[in-house]
Amino acid sequence: MLHGFYGGVHPADRKKTTSKVKIAAMERPPARVVLPLCGQDGESGEPLVKAGDKVSLGQLLCPATPRFAAVHASVSGTVAAIEPCLQSWGGKALSIVLENDGKDAPARPAWTPASRRDAPQDLTPGEIVDIVRQAGIAGMGGGAFPAYLKLHSAIGRVDALLLNGAECEPYLTADERLMEERPEAVIGGTRLLMRCLALDRAVIGVEGNKYAAVAALRKQLPLRGGDVEVRTLRARYPQGSEKQLIQKLTGRRVPTGKLPADAGCVVFNVATAAAVYDAVYDAVPLTRRVVTVAGSAVAEPKNLLVPLGTPLEDLIREAGGWCAPPDRVLAGGPMMGAAQFDLSTPVTKGTSAVLGLVAAEIKPANRPEGPCLRCGRCIEACPMGLEPVYLHLYADHGRVRELAGLHIMDCTECGACAYGCPARIRLVHSIRSGKQQLRSLQEKNRGEGGAG
Amino acid sequence: MSGRPTKKSEQRPERRQEDGAARRPAKLTVASSPHMAGRDSTRMLMLDVLIALMPALIFSGCYFFGPRAFVVTAVSAAGCLAFELLFNLATRRAQTIGDLSAVVTGVLLAFTLPADVPYWVVLVGDFFAIVIVKQLFGGLGKNFMNPALAGRVFLFSFPAVMSSFPAVRQWLDLGSTVDAVSAATPMAALHDGAVPAFTLQEMFTGIRGGSLGEVSAALLLLGGAYLVIRRVIRLRIPVCYLGTVALLSYFFPPAGVADPLEWMLYQLMSGGLLLGAVFMATDYVTSPVTRMGQVYYGVGCGLLTVFLRTYGSYPEGVAFAILIMNACAWAFDKWGKPRPYGRVRSRREAAE
């Protein structure tokens with residue numbers, strides 16, 4: 001049974017260039033990798049190594065913190081520095097810089113791999129959570145939230161395990177290729193998660209335009225009565241957003257400010273499930289991921305399996321370099337990805353794509369803003385049921401109290417509103433600035449409250 | 001600005017000269033996501049509205065009233081464009097005539113006028129619509145009243161030319177003036193509580209007296225269907241508007257009406273109701289943006305239209321009804337606020 005989610009748009013998917021290109025490892029591994037120790041917010045963990053130390057592939061460099069998954073060496077070599085480095089979200093984060101020696105000498109696994117034949121019945125939920133924590137697995141759809149915390153919050157509270165294979169952003173094919181080429185890992189990882197949550201069913205949501213991926217997944221399952229269900233969804237953006245996927249697959253809504261577990265659901269990306277599979281059966285921590293390198297400015301668009309921390313420019317080089325001057329380089333998809341100004345920023349656990357877009361592809365998003373017509377398309381497009389037109393208006397006028405009343409913090413910045421705006425108003429930009437204004441007002445109020 | 005590229009190349013010596021293809025791009029744009037957009041633009045939406053108005057205009061000029069209908073429409077559109085151009089020049093603003101919204105206003109205003117209206121009256125209406133109603137409030141998107149309707153209502157100041165309508169199928173050539181034989185409009189009969197002398201078929205096809213563009217229900221519905229299919233307008237406002245009028249006319253016909261269904265159909269097809277419901281009430285700028293707000297607005301327009309048609313001193317009430325509801329659009333938006341995803345319904349928790 002399919003439910004709807006409100007709003008959404010239908011962007012051109014532009015996946016053709018890479019959807020049939022097999023995942024390839026890098027021919028020339030990166031000379032150095034940059035591994036951040038924290039996300040956009042939160043404290044960084046205590047690094048276990050210091051500059052000059054020798055490290056091997058998969059060695060633990062920094063244990064998990066409450067906001068950030070454990071960090072492992074993604075190549076073998078020496079620690080060049082531990083310093084703040086520019087990240088793809090636009091700021092700096094304390095990072096471990098590794099000089100690659102090219103040997104990929106593996107570290108001794110910190111846990112014993114499970115046998116493929118007996119598992120997952122042999123593993124207890126606690127053991128699985130422990131492996132997920134030790135392997136440093138984080139949400140690979142973009143959020144990069146530590147997977148073990150998600151599992152922790154979900155154990156005993158959820159009755160629906162959902163796997164996110166929607167990949168609704170244009171250009172992105174990393175998850176699609178993973179599902180097509182490693183369906184056994186996706187399904188196997190799903191079964192491990194089911195075991196961990198003591199559920200006997202799981203649903204993988206895949207957009208219907210990925211025929212080969214759906215076929216590959218279904219081949220792993222019995223025709224009827226399988227424990228994992230592959231459900232095809234009509235392509236629509238932002239279907240791969242956690243809350244919208246929950247609404248689509250279960251009809252439930254996550255209460256504001258609560259976790260999906262509070263609605264009895266938990267969602268993992270298919271790539272996360274595959275990482276769990278690798279961690280449990282091969283005892284390898286999360287040190288690499290599939291990244292789509294695409295866009296008209298890229299000479300040979302590819303799906304690359306790259307070590308985490310690889311600078312974006314190495315990915316571009318691996319994909320044949322530029323064939324046209326790019327106007328924007330994005331880390332992530334075109335709807336939510338961040339535009340880069342420096343290509344030394346690293347691939348992280350949540351980076352699904354690097355796109356080099358020429359000006360013609362961005363059109364008409366780069367046209368000048370016109371006056372708002374009040375056509376209401378942004379309201380119809382908003383999957384969160386907000387009113388972007390008024391958020392924009394109040395944010396521009398600095399009327400912060402009204403912004404709070406319109407629930408501006410509920411905005412997921414999916415960009416559906418700005419996509420459909422005929423006047424090309426930069427609604428997401430305004431909303432971000434509005435959120436910032438609201439945050440600083442709240443901080444000020446808190447500060448005054450504390451002083452008084 | 002010119003210093004930026006050089007500074008960049010200074011910061012990063014060409015350490016990867018050997019693989020020239022991977023060289024750093026000269027200039028990258030940084031902007032907020034999303035980096036893609038749909039194709040619709042303001043100008044295309046306006047163009048679609050103009051296309052939707054064409055069937056009614058072509059039949060008016062070629063069949064109902066003669067070439068004068070074309071000339072009145074052209075004068076009105078050109079007048080609106082000229083006033084907007086001159087206003088922008090005089091106030092040294094960026095030129096905005098390219099969005100074609102002035103043309104839409106001009107054509108819609110012409111549609112509400114008698115086909116034999118003197119040209120100077122058209123231009124007075126254009127001036128009021130564009131300069132007073134639209135530009136003085138800040139231009140497109142800022143006006144709170146529909147400019148075309150406000151211009152039309154302003155022209156009620158000239159009752160002599162505005163209350164007589166030429167009979168349909170009497171060919172008006174370019175020089176025709178108010179001397180043309182005028183005919184009773186169906187609206188006048190309805191206002192007196194009687195069924196008009198036209199058959200329902202004539203009403204539907206447009207063989208009846210009335211304003212330049214409002215006579216043919218069929219052609220207006222055709223234009224409306226085009227707008228709905230092109231997703232320029234949503235059905236919410238027209239359906240609520242026409243539905244309210246239909247229900248009220250069906251259940252509360254005046255005494256002496258034999259067939260309430262027939263009375264309802266006459267009500268729906270006469271006067272400017274269809275033109276108003278499809279093209280005027282759906283004007284983006286002056287209608288609410290929220291779904292529930294649009295429902296309230298459509299129902300409000302319908303209630304007021306029936307009220308004004310029954311009790312007003314003018315036979316027609318559409319223009320006043322829509323203008324009054326325009327003024328309430330922002331209030332409707334506040335009442336019609338959508339419930340965000342995951343927010344609970346109870347008011348107590350929402351207040352927290």
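## Close-ups of a two-chain predicted model

**View 1. Four strands of chain A line up as an open sheet.** The order is β10-β9-β8-β11, and the pairing is parallel. β10 (228-233) and β11 (265-269) of chain A sit at the edges with a single partner strand each, so one side of each has no neighbour in the sheet. On average, neighbouring strands here are turned by 25° against each other, direction ignored. Strands pair when DSSP finds at least two bridges between them; the strands themselves are DSSP runs of E, at least two residues long, and helices are runs of H or I of at least four, numbered from the N terminus. As a bit of background, strands of a sheet pair through backbone hydrogen bonds, either parallel or antiparallel.

Before moving on, note that this is a predicted model: local features need pLDDT of at least 70, side-chain atom pairs count only at pLDDT 80 or more, and totals for chains, interfaces and linings use all residues. Residues are numbered from 1 along each chain as its sequence is written, while chains are lettered from A and ligands numbered from 1 in the order in which they are written.

**View 2. Zoom in on strand β8 of chain A and the helix that packs on its sheet.** Five bridges join β8 (residues 160-165) to β11(A), and the two run parallel. Look for A:N164, which stands opposite A:N269 in β11(A). Helix α5 (residues 183-197) of chain A packs on the sheet and touches β8, β9 (202-207), β10 and β11 of chain A. The direction of α5 makes about 155° with that of β8(A). Such angles run from 0 to 180 degrees between N-to-C directions, with axes fitted to C-alpha atoms, for helices over the stretch in contact. "In contact" means that the C-beta atoms of two residues, placed from the backbone, lie within 7 Å.

View 3. An unreviewed UniProt entry gives the annotation "binding site" to A:C372, A:C375, A:C378 and A:C421. These four span 50 residues in sequence, yet no two of their C-alpha atoms are more than 10.8 Å apart, so they gather at one spot. UniProt annotations may be inferred rather than shown by experiment; positions follow the numbering used here, and feature names are shortened.

A:C375 lies in the loop between α10 (359-362) and α11 (377-381) of chain A. Leaving out residues up to four places away in sequence, A:C375 touches A:P422 and, over in the other chain, B:Y284. A:C421 is in the loop between α14 (416-420) and α15 (427-451) of chain A. A:C421 is buried, with 28 other C-beta atoms within 10 Å. Buried means 20 or more such neighbours within 10 Å, exposed 12 or fewer, and partly exposed in between, with C-beta atoms placed from the backbone.

**View 4. B:T185 sits in a loop of chain B.** The loop runs between β2 (182-183) and α8 (186-191). An unreviewed UniProt entry places "modified residue: FMN phosphoryl threonine" at B:T185. B:T185 counts as buried, because 26 C-beta neighbours lie inside 10 Å.

**View 5. Helices α10 and α13 of chain B run side by side.** The axes of α10 (residues 217-229) and α13 (residues 273-280) come within 10 Å and cross at roughly 10°. That makes α10(B) roughly parallel to α13(B); the cut-offs are under 35 degrees for roughly parallel, over 145 for roughly antiparallel, 65 to 115 for roughly perpendicular, and oblique for the rest.
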